[in-house]
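Hi there,

Here is the structure I promised to pass on to you. My notes on what turned up in it follow below.

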Amino acid sequence: MSFVDLTAHIELASVPKHLAIIMDGNGRWAQKRGLPRVEGHQAGVKTVDEVVSFLLQIGVPYLTLYSFSSENWKRPPDEVSALMAILKQYLQSDLDKMLENDIRFNVIGRLDDLPGYIHDVVLTAMDKTKNNEKMTLTLALSYGARDEMVRAFKGMSEDVKNGKLDPEKVDEALISGYLDTSNIPDPDLLIRTSGELRISNFMLWQIAYTELFFTDKLWPEFGASDVADVIRSFQMRERRFGMTTSQLTKRGK
Ligand code: IPE
Ligand code: IPE
Ligand code: MG
């Protein structure tokens with residue numbers, strides 16, 4: 001896939017380092033067409049492929065995709081198993097693409113909740129791509145930010161109890177280090193498709209200063225040109241991190 005025209009207005013030197021996406025709206029996309037919801041999930045995989053190819057081309061080094069939340073287990077069992085089957089198929093069919101394109105595959109969430117046959121495919125993909133460097137593609141699987149925090153607090157408490165951690169040493173960086181995202185930077189940009197204006201338990205700690213974008217497009221109808229539009233608009237925003245505009249101007253000089 002080549003996206004020459006789409007890159008024209010993007011400042012390649014200042015693309016987001018980490019883009020996170022809440023890929024929502026697969027079910028509604030299918031239902032609007034009189035199709036079973038699972039066909040929406042299948043169509044969503046095509047969008048994933050297109051978006052990954054485009055981001056590789058413009059040099060975004062971290063992409064995180066919210067693929068299955070800790071709350072999505074509450075869906076009907078046949079939808080859950082269809083999603084797991086699609087995930088397995090995706091990982092198997094895209095592993096070669098990851099190897100070819102220097103993509104490191106990574107996962108956040110409760111990996112142990114996944115059925116054994118997915119667990120193995122996930123670990124294989126992580127292992128085979130572990131030395132790749134161009135992009136870290138993270139799938140949030142059985143992921144919930146509050147669950148992630150509970151696990152982090154438990155880990156920290158254990159370390160305090162065993163004398164490995166001095167409570168005086170707890171600071172923001174240390175907390176970040178106990179989260180599933182310890183090996184990736186905080187997202188600069190978060191996109192949610194499907195018109196819902198909520199975060200749905202995604203990366204609550206990490207998005208403290210992330211730029212948020214919401215679009216009405218459903219995930220299967222979203223694509224490279226939409227990502228290009230969002231990135232252009234991101235590049236026009238002023239990220240002040242609590243400071244004033246004139247402070248930022250001085251710093252930039
Ligand atoms: C997102 O699409 C995919 C997952 C949550 C797994 P949905 O399945 O939530 O689609 P809608 O929101 O019902 O349309
Ligand atoms: C969020 O979408 C989770 C994923 C995209 C994987 P949901 O469809 O599960 O979110 P809610 O239930 O509408 O908040
Ligand atoms: Mg949804």
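**Aromatic pairs**

Counting rings whose centres lie within 6.5 Å, there are seven aromatic pairs in this model, which is a predicted one. Take tyrosine 66 and tyrosine 143: their ring centres are 6.0 Å apart and the planes meet at 80°, so this pair is edge-to-face, the cut-off for that class being over 60 degrees. The two tyrosines come from distant parts of the chain, with tyrosine 66 in strand β2 (residues 62-69) and tyrosine 143 in strand β4 (residues 135-143), 77 residues apart. Both sit inside: tyrosine 66 is buried at 7% relative accessible area, and tyrosine 143 is buried at 0%.

A second pair worth a look is tyrosine 209 with phenylalanine 241, whose ring centres are 5.2 Å apart with planes at 50°, so it counts as tilted. Tyrosine 209 belongs to the loop between β5 (189-192) and β6 (211-214), and phenylalanine 241 to the loop between α8 (224-235) and α9 (245-252), so the pair ties together parts that are 32 residues apart in sequence. Here the residues are partly exposed, tyrosine 209 with a relative accessible area of 48% and phenylalanine 241 with 41%.

Ring pairs also join Tyr66, Tyr143 and Phe202 into a cluster. For a charge over a ring, look at arginine 237, which lies over the face of phenylalanine 213 at 3.7 Å from the ring centre.

**The sheet and its helices**

Six strands make up an open sheet with parallel pairing, in the order β3-β4-β2-β1-β5-β6. At the edges are β3 (103-108) and β6, each of which pairs on one side only. On average, neighbouring strands of the sheet are turned by 20° against each other, direction ignored.

Between β3 and β4 there are six bridges in the parallel sense. Arginine 104 has threonine 136, in β4, as its bridge partner. Helix α5 (residues 116-128) packs on the sheet, where it touches β3 and β4, and its direction makes about 140° with that of β3. Helix α3 (residues 37-58) lies across β1 (18-22), β2, β3 and β4, and runs at about 145° to β4.

**Nonpolar cores**

In soluble globular proteins, nonpolar side chains tend to be buried together. Which residues touch the most other members of the largest nonpolar core? In that core of 49 residues, they are Leu19, Ile21, Phe54, Leu55, Leu63 and Leu137. Helix α4 (residues 77-100) gives the largest share of the core, eight residues. Leaving aside residues up to four places away in sequence, leucine 19 touches Leu55, Val60, Tyr62, Leu63, Thr64, Leu189, Ile191 and Val227. Another core, of twelve residues, lies apart from the largest one and includes Ala20, Ile108, Ile199 and Phe202.

Best wishes

How values were computed: Residues are numbered from 1 along each chain as its sequence is written. Chains are lettered from A and ligands numbered from 1 in the order in which they are written. This is a predicted model: local features need pLDDT of at least 70, side-chain atom pairs count only at pLDDT 80 or more; totals for chains, interfaces and linings use all residues. Side-chain values use heavy atoms; hydrogens and water are left out. Rings of Phe, Tyr and Trp (its six-membered ring) pair if their centres lie within 6.5 Å; planes under 30 degrees apart count as stacked, over 60 as edge-to-face and the rest as tilted. Helices (H or I, at least four residues) and strands (E, at least two) are DSSP runs, numbered from the N terminus. Buried means under 20% relative accessible area, exposed over 50%, partly exposed in between (1.4 Å probe, protein chains only). A charge sits over a ring if NZ of Lys or CZ of Arg is within 6 Å of the ring centre and within 35 degrees of the ring normal. Two strands pair if DSSP finds at least two bridges between them. Axes are lines fitted to C-alpha atoms, for helices over the stretch in contact, and angles run from 0 to 180 degrees between N-to-C directions. Contact means heavy atoms within 4.5 Å. A nonpolar core is a set of buried Ala, Val, Leu, Ile, Met, Phe, Trp, Tyr and Cys residues joined through side-chain atoms within 4.5 Å.
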